[in-house]
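Try each task before you read its solution.

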Amino acid sequence: QLQASGGGLVQAGGSLRLSCAASGRTLSNHHMGWFRQAPGKEREFVAGISWSLGGTYYGDSVKGRFTISRNNARTTVYLQMNSLQPEDTAVYYCAAKSPGASLRSGGDYWGKGTLVTVSS
């Protein structure tokens, strides 16, 4: 089970940090990451972190502004979001993917989303 938290309302240019905690299942050997879906738009890959070496990768729209990280136990993943813009407004979902497949295509496990609203 994945539990996301940390969403809220922020002004443009502000920051938020999302957290995703894994429980009830061993996901420490899974790729972890974040997706988002804005109203009327398709789901978009945001960021991922590989389970083994912790390499990170990002969607083009958030590169240089967002940073994904995890705790040492690999049970919690964070998304630090800086320089937020109104177009970042969306429901953000954390996801886990089995090794050997790309997280960019979608997760095997999903958490409930957390809403991020950026006002102009």
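A disulfide is a pair of cysteine sulfur atoms within 2.5 Å. This is a predicted model, in which local features need pLDDT of at least 70 and side-chain atom pairs count only at pLDDT 80 or more, while totals for chains, interfaces and linings use all residues. Residues are numbered from 1 along each chain as its sequence is written, and side-chain values use heavy atoms, leaving out hydrogens and water.

**Exercise 1.** Find the disulfide and describe where its two cysteines lie.

*Solution.* Start with the count: a search of the whole structure gives one disulfide. Its partners are Cys 20 and Cys 94, with sulfur atoms 2.2 Å apart. Cys 20 is in strand β3 and Cys 94 in strand β9, 74 residues apart, so the pair links distant parts of the chain. Then check the handedness: the angle about the S-S bond is 60 degrees, and the link is right-handed. Last, look at exposure, where buried means under 20% relative accessible area, exposed over 50% and partly exposed in between (1.4 Å probe, protein chains only). Cys 20 is buried at 0%, and Cys 94 is also buried at 0%.**Exercise 2.** Work out how β5 is paired with β4 and with β6.

*Solution.* Two strands pair if DSSP finds at least two bridges between them. β4 and β5 are antiparallel over five bridges, one of which joins Arg 36 to Glu 44 in β5. These two strands form a hairpin with six residues between them, and Gly 40 in the turn has a positive phi of about 75 degrees. On the other pairing, β5 and β6 (residues 56–58) are antiparallel over three bridges, and Gly 48 has Tyr 57 in β6 as its bridge partner. Five of the six residues of β5 are buried, so this strand is largely enclosed by the rest of the structure.

**Exercise 2.** Classify the ring pair of Phe 35 and Phe 45.

*Solution.* Rings of Phe, Tyr and Trp (its six-membered ring) pair if their centres lie within 6.5 Å; planes under 30 degrees apart are stacked, over 60 edge-to-face and the rest tilted. The whole structure has three aromatic pairs. For Phe 35 and Phe 45 the centres are 5.5 Å apart and the planes at 75 degrees, so the pair is edge-to-face. Phe 35 belongs to β4 (residues 31–37) and Phe 45 to β5 (residues 44–49), and both are buried. Finally, widen the view: ring pairs join Phe 35, Phe 45, Tyr 57 and Trp 110 into a cluster.

Notes
Helices (H or I, at least four residues) and strands (E, at least two) are DSSP runs, numbered from the N terminus.
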